[in-house]
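Dear colleague,

My notes on it follow directly after.

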Amino acid sequence: MSVQLNRRKLLSGLCTAGLGGLAGCLSSVPGLDSTDVEDGSDVGGTDRTLRLGIMQPLSGDLENVGLPIRDAATLPIKQIEDEISLDIEYEVVDTETSPSAGVQGAAALVDEGYPMVNGPAASDVTLQATQQVLIPYRTVCCSPGATTPTITSLNDAGLVFRTAVSDSLQAVVLADRAANDLGHDSAATLYANNDYGWQLSQAFARSFRSDHGGTVSAQIPLTEGQDTYEAALERAREDDPELLVVVGYPETGGQVLRDLGADAPEDVLVTDGLRDGDLHDEIDYSLDGIRGTAPLVDGPGTETFTELFEDAYDAEPSVFTPHSYDASAVLLLANAYAGQNDGTAIRNAMQAVTTGDGEEITPETLAEGVDLAARGDSVTYQGASSSVDFDENGDIVGAVFEYWEFDESADGGITEIERVSS
C-alpha cells in the first residue's frame, strides 16, 4: 500500500547556502562511492519497501503541465501495487516552477531518506536541485522534462538521468523547419530567462546560422510573471526579422502570443514548452497555423501507457507525461534490482534495467518486471516515451521530433504535421 507523506520538513540544520558549497566538491561527501547500507535495512526481494520522491511543478509557470506530469509519475506505483505484493512509499513535493522551491523540496526529500527522485521537470530547477542537494547527497534523479544541454556536462557522479530529450537535438530540428519549411533566413528569439530558454535559444541560433546561413538579429530574455512583453517584442523587432521564435512555458509564452495579436507581420515558431492546446481558450484570437517542435512520444509502450493514463484519470496524456511514467518505472525497477534504498546502488542499476538481453519489460508488464528485478533476474525496460536507452551522461540516445501546429478543430487543439528524426 502506498504511503504519500505530507511532511515538508527542511534538511535539519542545513541551509541552502551550505548545500550549494558542496556541489563542486563531491569527494567531500562521506560514502559517495559506497554501496553500503545501514544496518537493519531491507535488501532484495519483494518483502521490503521501495521509496520514491517526486518533484514536480504543481504551481507557478508550469502548473498546467506539472499536474498531469505528477499524475503520470504516480501511475506506475498504483499499477505495481495492484498486481504484486510490494510496498512503495512515495512523497510529492511542489517545486513551484522555482529553483529555490526546488532546492527546498529536494532537501525535504533527502531529509526523509528518499534515495531516488522522479524530477524535477524545469531545467533551471533541475540544475539547482541536483547541484545543491541531490548530487552531494547521492540521490539518484530522473527528470521527465529538463531538456537543457547543460545537464549533459554536469559533474554529477552519474546520479542524474533524464527521459526528456536534450534541446541540442530539438534546436537542429527547429532551425531546419524555420529555414526549409517556412523559408526564412532571418529570425529573432524571445526566450524564458532561465537555462532552458537561454540554451535552446543559443542552440537554435548556432544551427540556423551554421547549417542554413541564416541571421539571428536578437535574442531577448523574458522575465517570468510580467503583465506584458511588448517592450521585449519591440527589441526583437528592431531589425525586422521574418520569424519570431518563442521559447517558453504557457504562462510566459502565452502572454507573448497575446501581445503579438492576430495581425503580427512575422511568422512564429514555438518550442515544446508551449505545446498546450489549452492556450486556445486563453488567447482571444485564433492560434491556428502557429507551428512548433517537440520531442515525440515514440516508445514501444506508448499505447499501453495511454490506456492506463486515460483509465486512471479520465484524461488524455499531455506533454512529458509518458516521460514521467518512464522515469518512475525505471527508478522503481532499478531500486528493485539494487535490492536496497541506496542512491549509489540504484544509480549502478539504472543501466542494468534498461540495456542488455534481460527479459523485455514494457508498461504492460511493469509489475512483472519489478518482481523479476527484485529477485535478481535481468530485465530490459522499453518505455512509453522511447526505448529508454541512456548514454554515459544519463541522456536518452536518439530521438524523433514532432513538427506540429495549433489547430482548434483537432482533438487536444494540436495537429501533427510530420515526424523528424534527429
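How do the residues of the lining of the largest cavity divide into nonpolar, polar and charged? Nine of them are nonpolar, four are polar and one is charged. Please bear in mind throughout that this is a predicted model.

The cavity

The structure holds one cavity of 30 Å³ or more. The space in this largest cavity comes to about 120 Å³. Its lining consists of 14 residues, and those nearest the centre are Leu62, Gly145, Tyr249, Gly273 and Phe320. Domain 1 (49-166 + 299-381) and domain 2 (167-297 + 400-421) both contribute residues to this lining, so the cavity lies between them.

The largest pocket

The volume of the largest pocket is about 1,000 Å³. A total of 39 residues line the pocket, and Arg275, Glu316, Pro317, Ser318 and Val319 are the ones nearest its centre. Two or more lining residues are given by each of helix H2 (63-83), helix H9 (279-282), strand E11, helix H10 (302-313), helix H11 (321-338) and strand E15. The largest share belongs to H10, which supplies six residues. Sorted by class, the lining of the largest pocket has 16 nonpolar, 10 polar and 13 charged residues. Domain 1 and domain 2 each provide at least three residues of the lining of this pocket.

The sheet and the helices packed on it

An open sheet is formed by seven strands, which follow the order E8-E7-E9-E10-E11-E14-E15 with mixed pairing.

Leu190 has Val246 in E9 as its bridge partner.

Two helices that pack on this sheet deserve mention. Helix H5 (residues 167-181) touches E9, strand E10 (267-270), strand E11 (291-295), strand E14 (400-406) and E15. The direction of H5 makes about 155° with that of E11. Helix H8 (residues 250-260) packs on the sheet with contacts to E8, E9 and E10, and the direction of H8 makes about 150° with that of E9.

Backbone details

Two places in the backbone may be of interest to you. The peptide bond that runs from Gly119 to Pro120 is cis, and its omega is near -10°. Pro120 is placed in the loop between strand E4 (116-118) and helix H4 (123-134). Asp240, a residue other than glycine, has a positive phi, near 55°. The loop between helix H7 (230-236) and E9 is where Asp240 is found.

With kind regards

How values were computed: Residues are numbered from 1 along each chain as its sequence is written. This is a predicted model: local features need pLDDT of at least 70, side-chain atom pairs count only at pLDDT 80 or more; totals for chains, interfaces and linings use all residues. Side-chain values use heavy atoms; hydrogens and water are left out. Two strands pair if DSSP finds at least two bridges between them. Helices (H or I, at least four residues) and strands (E, at least two) are DSSP runs, numbered from the N terminus. Contact means heavy atoms within 4.5 Å. Axes are lines fitted to C-alpha atoms, for helices over the stretch in contact, and angles run from 0 to 180 degrees between N-to-C directions. On a 1 Å grid over the protein atoms alone, a cavity is a set of points where a 1.4 Å probe fits but cannot get out, and a pocket is an open set with protein on both sides within 12 Å along at least five of seven lines; lining residues have an atom within 4 Å of a point. Grid points are joined across faces, edges and corners, and a volume is the space filled by probe spheres set on the points. Ala, Val, Leu, Ile, Met, Phe, Trp, Tyr, Cys and Pro count as nonpolar, Asp, Glu, Lys and Arg as charged, and the others, Gly among them, as polar. Domain bounds come from an automatic or database domain assignment.
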